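Hello,

Here is the structure we talked about. Please open it alongside this email, and read the notes below with it on screen.

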Amino acid sequence: MYGSLFADILGRVRVKRPLVHHITNYVTVNDCANITLCAGGAPVMADAQEEVCEMAAVSGALVLNIGTLNPSLVESMIAAGRAANKAKIPVILDPVGAGATRLRTDSARRLLAELEVSILKGNAGEIGVLAGAGGVVKGVDSEGLKGDPVQIAREFARVEGLTVVISGEVDIVTDGKRTLLVENGDPLMGLICGTGCMASSVVGTFAAVCDDPVMASAGALAAFGIAGEKAARRCGKPGCFKVALFDELAALGLLELEQYARVKEA
Amino acid sequence: MYGSLFADILGRVRVKRPLVHHITNYVTVNDCANITLCAGGAPVMADAQEEVCEMAAVSGALVLNIGTLNPSLVESMIAAGRAANKAKIPVILDPVGAGATRLRTDSARRLLAELEVSILKGNAGEIGVLAGAGGVVKGVDSEGLKGDPVQIAREFARVEGLTVVISGEVDIVTDGKRTLLVENGDPLMGLICGTGCMASSVVGTFAAVCDDPVMASAGALAAFGIAGEKAARRCGKPGCFKVALFDELAALGLLELEQYARVKEA
Amino acid sequence: MYGSLFADILGRVRVKRPLVHHITNYVTVNDCANITLCAGGAPVMADAQEEVCEMAAVSGALVLNIGTLNPSLVESMIAAGRAANKAKIPVILDPVGAGATRLRTDSARRLLAELEVSILKGNAGEIGVLAGAGGVVKGVDSEGLKGDPVQIAREFARVEGLTVVISGEVDIVTDGKRTLLVENGDPLMGLICGTGCMASSVVGTFAAVCDDPVMASAGALAAFGIAGEKAARRCGKPGCFKVALFDELAALGLLELEQYARVKEA
């Protein structure tokens, strides 16, 4: 059932080719742009305060990623986020490294407070920190959180009024009422830099054409995860795996997504 | 005839290994550096106002790309451009996203007004906007211009006193008097991020060793396009296509360029 | 003998997975992150003055790379370097382009003066400039130095009280007393952008788990060089060579490193 919904969303992405505005880090920005293209969207990266509002206003979604943060970039994110809220396009926030430094934690909290974020997507540590559930983050890697991640994500989503995604071996997607577990993916995705960021870009691309953030998020993660599974079957080392990951997402058929999505309710 | 001229230029690139100074965006900068190496040049990326003049002054060409723009970067571009003009090395401007935001449009116009730009290379929408010919740009993608692109490019080149390149399925290269159409390339080049930026880097590399900007531009686009055609024959998906694109440009022989260049006068 | 020491270090990297904090350029930053992962470390890139001290304090090593420098980034490097010195983690400095512009030369000198740098790793021109031995740098490429590089590196290391690495066909590693020559590597490594930066990241990763900077540097360069040799055997063109370089470092076995390291005393 979910599979066919996801295939519908992917089909819409490929027909509409939504513009996905990113304000993101300079480490994985090229990968984010290319994976957006592979999903079927049109990426645009722009971060100057002088132009982000104009760019967000004509886009289908806004992806905010704090992977290499500075105070000026936060202001650009706030301005772009307000323009996105006004234009009623979804805002996706990836709080990379929240919990690792005060700047990241405080900035992620400020973005959540000042903007209507549609989808908050992080690893267990990052979400744990932001939810006040004892998350631990070292660098940009999760060292876990205290308690049951599903419960924490659900409660945090309910209180904040948004969709929370915790990425991991099984991805958790919840808006506080519905909770989906996405089981697609491959451990090799953790051995290259940027798969978390890329996943957020695919989520943004799906959310640009789908009003339901839970379905958009789960569908995007299933599609990206299946691409990861297929890439891993072709190549077991990080360099060629990464090349294959782009290839497989670009080549992913709607029927494949429908058939291979492994999603269940929590 | 053009083919053998192009092969001469590529031969000079490989002997002289010109330094190509880029002030460019952080999305595709790595691709620009690598494609410059594959063409036979030596890339250097430097954007601080404190050093751009020194760097430009020892380079063979200066490539300005406004893909991720901010006001401070524009000042660096102006300073470097003036140093390049003084050193009499060609300045190549890629006005990425001009027309999409005021910052980009105004900055591109200012660079054209304050610098002696040798080659202006953009998509149809960007050039249409800058030429006042009703260009439409969404994000960084062209949605076309009003009228005949060859006519518009030719007139704009004549008025501005520079060489205009409109990239597309067929690339248009004109200085207002001579107009060449370059037919090399493959649709797959549009499915990866950065081919437009990379093309500008190759143009800059060729222009560094060739006084004729029309020949340098057309030769570079033919060489890059042939590499794209050969890469597409090896791989039909974006990840491996991109890898092959670098390989094929690096391996491109002078005789191949001479033989496979498809260029005609408009 | 050295081979087995190097294998020990690589083994420790893979067990401890040290966090390697980079303040680096935006050209090769993605490659640096991925090669750190391939070596067995955990990369984190953070450059805002508001967070670099916190990040450095929890890391195993700090890599400073001035490839795209500006005055604000230098302040971040100074702050992070002091935090690293206080936390007694090694600081690795790659003075990319020192000698090409005053900003780069002066900044590299200031970092050396104000921080306790553990390992200074550059090409012959860069080290020659910083050692006052007539180095010549064009863009970011070495055009050599005046005199015997081994002698210059040794004397400079002794005077500065650090380990100096001169990368080249044969890498020189010296702390003024011991001098090792690492012969691993392949000429193809010079045909892609970023191998110098990546080598510094691998050096940082090894130094994070090894108190002896000479052994950490030589071991890292041997490991990276062997990966380059194996990659070159698989692919002779820059695009696929680069993919293979990541693959081969990730797959490098401890016994392979022990067996294939080609290191001798000068």
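Helices here are DSSP runs of H or I with at least four residues, strands are runs of E with at least two, and both are numbered from the N terminus. Counted that way, chain A has 11 helices and 11 strands. Please keep in mind that this is a predicted model.

**Chain A on its own**

Chain A has 266 residues, and 67% of them count as buried. Along the principal axes, its C-alpha atoms fill a box of roughly 40 × 40 × 35 Å. A compact globule with 266 residues would have a radius of gyration near 18 Å; chain A comes out at 16 Å, which agrees. I also looked at contacts in chain A between residues at least 6 apart in sequence. Of these, 70% join residues at least 24 apart.

**Chain A against chain B**

How many residues of each chain take part here? On chain A there are 27, in contact with 25 residues of chain B. Four elements of chain A each supply at least two residues to its side of this contact: α2 (29–39), β2 (42–45), α3 (52–57) and α10. Which of them gives the most? That is α10(A), with seven residues. By class, this side of chain A has 20 nonpolar, two polar and five charged residues.

**The α10 pair**

Helix α10 of chain A covers residues 238–251. Its axis and that of α10(B) come within 6 Å and cross at roughly 130°. Angles over 145 degrees would count as roughly antiparallel, and 65 to 115 as roughly perpendicular. The two helices, α10(A) and α10(B), are therefore oblique to each other.

The residues to look at are these:

- From α10(A): A:Val243, A:Ala244, A:Leu245, A:Phe246, A:Asp247 and A:Ala250.
- From α10(B): B:Pro238, B:Gly239, B:Cys240 and B:Val243.

By class, the contact between these helices has eight nonpolar residues, one polar and one charged.

**Chain B against chain C**

Next, the side of chain B that touches chain C. Here 27 residues of chain B are in contact with 25 residues of chain C. At least two residues each come from α2 (29–39), β2 (42–45), α3 (52–57) and α10 (238–251) of chain B. The most come from α10(B), which gives seven. The classes on this side of chain B are 20 nonpolar, two polar and five charged residues.

Best wishes

Key: Residues numbered from 1 in each chain as written. Chains lettered and ligands numbered in written order. Predicted model: local features only at pLDDT ≥ 70, side-chain atom pairs only at ≥ 80, totals over all residues. Contact = placed C-beta atoms within 7 Å. Nonpolar A, V, L, I, M, F, W, Y, C, P; charged D, E, K, R; others polar. Axes fitted to C-alpha atoms, helices over the stretch in contact; angles between N-to-C directions. Parallel < 35°, antiparallel > 145°, perpendicular 65-115°, else oblique. Rg over C-alpha atoms; globule rule 2.2 N^0.38 Å. Buried ≥ 20, exposed ≤ 12 C-beta atoms within 10 Å, placed from the backbone.
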